[in-house]
Amino acid sequence: MINMEIRDDYKFLRVEDAFKALHLNISLIGVIVELGFPTASDCSCTLRIIDPWHSRSGLSVKFIARTNRALPRVESIGDVIFLSSFGIRRSFLCQRNEQELTQNVDAAAAAGTCGNQTNSPIIVLVNRKITALCNETSSSFALFNGKHGEGFVPYQSSPKFRVREQDKSFLSNLREWMITYKFEDGSCCFTSLKDIKEGENWTCSGWRLWSFDIVSHYLLPFKIVHVSKDDKDRCYIFVWDGTEMPPCSFMVKSERLPLCVEPEMLPTHVLRKFPTFGSVLRIIVENVTEKQAIQCLQPGQHVKLLNLFFQVNMGLWSATFSPSTKMQYTMSRETQSFSPQRLKMCREKFSSRWNPITRCISSPSHSGITGVAHEDAPFVTLMDMLTYSNVTAKFRCVVRFIQVFPRDVRNFHDLNGKFKLLAILEDATARIHASLYADEGDKFFGCDPSDEEALIKKLNKLLGGDRISEAPRNPPWVQCCLFSYYRVKNDQWGSRRFRIFDTWINAK
């Protein structure tokens, strides 16, 4: 039994007892198991806390302040928060009440009754009909690292907060309890990336947007594989759950499709940290308050995300935070769902002529539209190819041809009669450019270069529809062989390219 008895001289209540303490000034200590992102409109954020006696649904804690700097800046889900000297009252909290509450905060600040507006937030605890308000003149909070064995100095605290000896005992006991704790959120419905669907919502500025409603449904735990920022100060969170996002249809566009959501493809040394199977989702973060909230996210962490907004641009899935997006505590044992055993692995290895990748996908399905000369070679993913340790190698993949250049079959051959074509290929893991050149291009289409009708017919079959039509295209999955090469000897990785070979479109 954890020794966390409440002492008379230090009145920490259990979370479950806080609901009964109407009109009293009380203090609480709890573990943060859910984190909502700050909202810029009213400078507020929401946490959910638990303790050993109230660990199922926990207690929602809403902070409202004059500035975002005054809000708690949680470094990690599972950290511990101390809340001191706030009062609880009963109310029916709805949108109107919240607006009135925010107006009351502003009025109190203008009247000079809120103390230091920069550092002292008003704290509101919300649980159905129970609301607690904190008196700024006497309230305080502090945030501590939740890991067992850490120190007793808070990484953020109100100006009035002081660590007492009793605090250290409570903090140590909570950290010890969290080692074996399992959060029970009451939800039995989980959603993974493979289950997201295209549901038409609206069209705006060339983006095709779909909203995927996952209210009351938690995504399976994500693993954060990378976090980066572009030159426009836009942040990207790269997350993965071991499943494949569904392929998208395409509208015919004259401009070249991008290879990734981010402005430029990440360098090879970064991509080598990515998993080579399953899809990596890009979460785009542009809001200033959201950027502050994601500072707690680091590569290698596992999180659950609730209520993401999914969208498709140029056939690429991405996500953004919605006003109701929250991060939830993830137990370490839940990370077992990221084991490679979730996917079928191949039984064969590549022969010495091919790159010796021992992990590959076993017999992925394809349409049979194309044939290859190396049926004995196992399949690998495009991410396998991008992250392979040698510059030059041969590969066999199942991909979709989503775009080709030039678009006009009459321009497939140059003035010297040599075949030249650039294709954009994709699978669930990545997109790449791959060329068809000279005799390999003629072999691929297998018809007379002057037979434009035959070329158009085979090209449309490969692209999943008329290359000029305005109707959406859904390119089929086809197998092909590719090899990697370099163009500049002194910059082999920087000049690495891919070319299709020993592949053709079947006559039937």
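1. The structure holds 16 salt bridges, each being a side-chain nitrogen of Lys or Arg within 4 Å of a carboxyl oxygen of Asp or Glu. Please keep in mind that this is a predicted model, where local features need pLDDT of at least 70, side-chain atom pairs count only at pLDDT 80 or more, and totals for chains, interfaces and linings use all residues. Residues are numbered from 1 along each chain as its sequence is written, and side-chain values use heavy atoms, with hydrogens and water left out.

2. Asp 502 and Lys 443 form a salt bridge through their side chains, 3.0 Å from N to O. Asp 502 sits in the loop between β24 (496-501) and β25 (503-505) and Lys 443 in helix α7, so the pair ties together parts 59 residues apart in sequence (helices, H or I of at least four residues, and strands, E of at least two, are DSSP runs numbered from the N terminus). Asp 502 is buried, at 17% relative accessible area, while Lys 443 is partly exposed at 35% (buried is under 20%, exposed over 50%, partly exposed in between, with a 1.4 Å probe and protein chains only).

3. Lys 229 and Asp 233 also meet in a salt bridge, at 3.3 Å from N to O. Lys 229 is exposed, with 53% relative accessible area, and Asp 233 is partly exposed, with 35%.

4. A network of salt bridges links Glu 34, Arg 48 and Lys 326.

5. On helix α3 (residues 165-178), the buried residues include Phe 170, Leu 171, Leu 174 and Trp 177, and also Asp 167 and Arg 175.
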